[in-house]
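Subject: Structure for your review

Hello,

Here is the structure I said I would pass on. My notes follow it.

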Amino acid sequence: MPFTFEYHDPETYRHKARIISIAMAGQLIVFGLVFSQLLVASFGSSLWLNALGVFLGLLFTSLTFAVLRERPWMSEMRYVWQLKHHLSRLSGYLATLRREMDQGNGVALHLMTAYHQGMAQLAELNGRTLDDDAELVGERARIGRLREERGLPAQVEGFDPHDLAAFKRS
C-alpha cells in the first residue's frame, strides 16, 4: 500500500501528542493499581501478583489505544506512527539506495527523496531542527541536483514501500 505524505499542523500534533501521552500514562497507572489491588485482595500479597497487575494494566492500556487508534481525532498520531514505520524501513536500505542512486537508479532516487522529505517532516512535527551533519546536508543537496537534472519536482507526494523489494537490505 503506497504511503502518501500529508500535511498536519505541528502545533496541533504536539498538543495532541502531549495529551495522549499523559492520558496513556494515567490510564496505565490506574489500571495497574486496580488490577494489582484486585489480585492482592483475592490471592494475598505477593510481588508476582503486583507485577501481574501492572502487566494487566499495560495490556488493557494497549488494547484501549489499539481500539481508539482509528478514531478521527487520532489522525495526526496515526499518520506519524506510519511515517516513523516507513522511515525505519527505508533506513535499513540506505546504503544500498545511496549506491544505486549514484549509479542512476530512478527508483532509488525517489526513495531517497522520500526518506529525506519524511525526516524533514518528522523534525518539523516534533518541533526540532534537521541534523546539520555536513554529510546529510550534502546528500540532500545532491538529491536535489539529481532531481533537477532529470526535470523532477523537488519533493515527492509519497512512495510505495514495495519498491524496496528490488534492493538488498544493507
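Is D102 buried or exposed? D102 is exposed, because its relative accessible area is 52%, where exposed means over 50%, buried under 20% and partly exposed in between, with a 1.4 Å probe and protein chains only.

Before the rest, two notes on conventions. This is a predicted model, in which local features need pLDDT of at least 70 and side-chain atom pairs count only at pLDDT 80 or more, while totals for chains, interfaces and linings use all residues. Residues are numbered from 1 along each chain as its sequence is written, and side-chain values use heavy atoms, with hydrogens and water left out.

Salt bridges

The structure holds 5 salt bridges, each being a side-chain nitrogen of Lys or Arg within 4 Å of a carboxyl oxygen of Asp or Glu. One of them joins the side chains of D102 and R142, at 3.4 Å from N to O. This pair links distant parts of the chain, with D102 in helix α4 and R142 in helix α6, 40 residues apart. R142 counts as partly exposed because its relative accessibility is 26%. Helices here are DSSP runs of H or I with at least four residues, numbered from the N terminus.

R98 and E139 also meet in a salt bridge, at 2.3 Å from N to O. That pair again connects α4, which holds R98, to α6, which holds E139, across 41 residues. E139 is at 5% relative accessibility and so counts as buried, whereas R98, at 27%, is partly exposed.

E11 and R14 form a salt bridge at 2.4 Å, N to O. Both lie in helix α1, 3 residues apart, about one turn of the helix.

Core

The largest nonpolar core has 31 residues; such a core is a set of buried Ala, Val, Leu, Ile, Met, Phe, Trp, Tyr and Cys residues joined through side-chain atoms within 4.5 Å. Among the members that touch the most others are F5, Y79 and L111. Helix α5 (106-125) gives the most to this core, with 8 residues. Contacts of L111 (heavy atoms within 4.5 Å) include L90, L97, F159 and F167, not counting residues up to four places away in sequence.

Annotated segments

The unreviewed UniProt entry places the feature "transmembrane region" at residues 20-41 and 47-68; such annotations may be inferred rather than shown by experiment. In the model, residues 20-41 are 100% helix, with end C-alpha atoms 31 Å apart. Residues 47-68 are also 100% helix, and their end C-alpha atoms are 32 Å apart.

Regards

Key
Helices (H or I, at least four residues) and strands (E, at least two) are DSSP runs, numbered from the N terminus.
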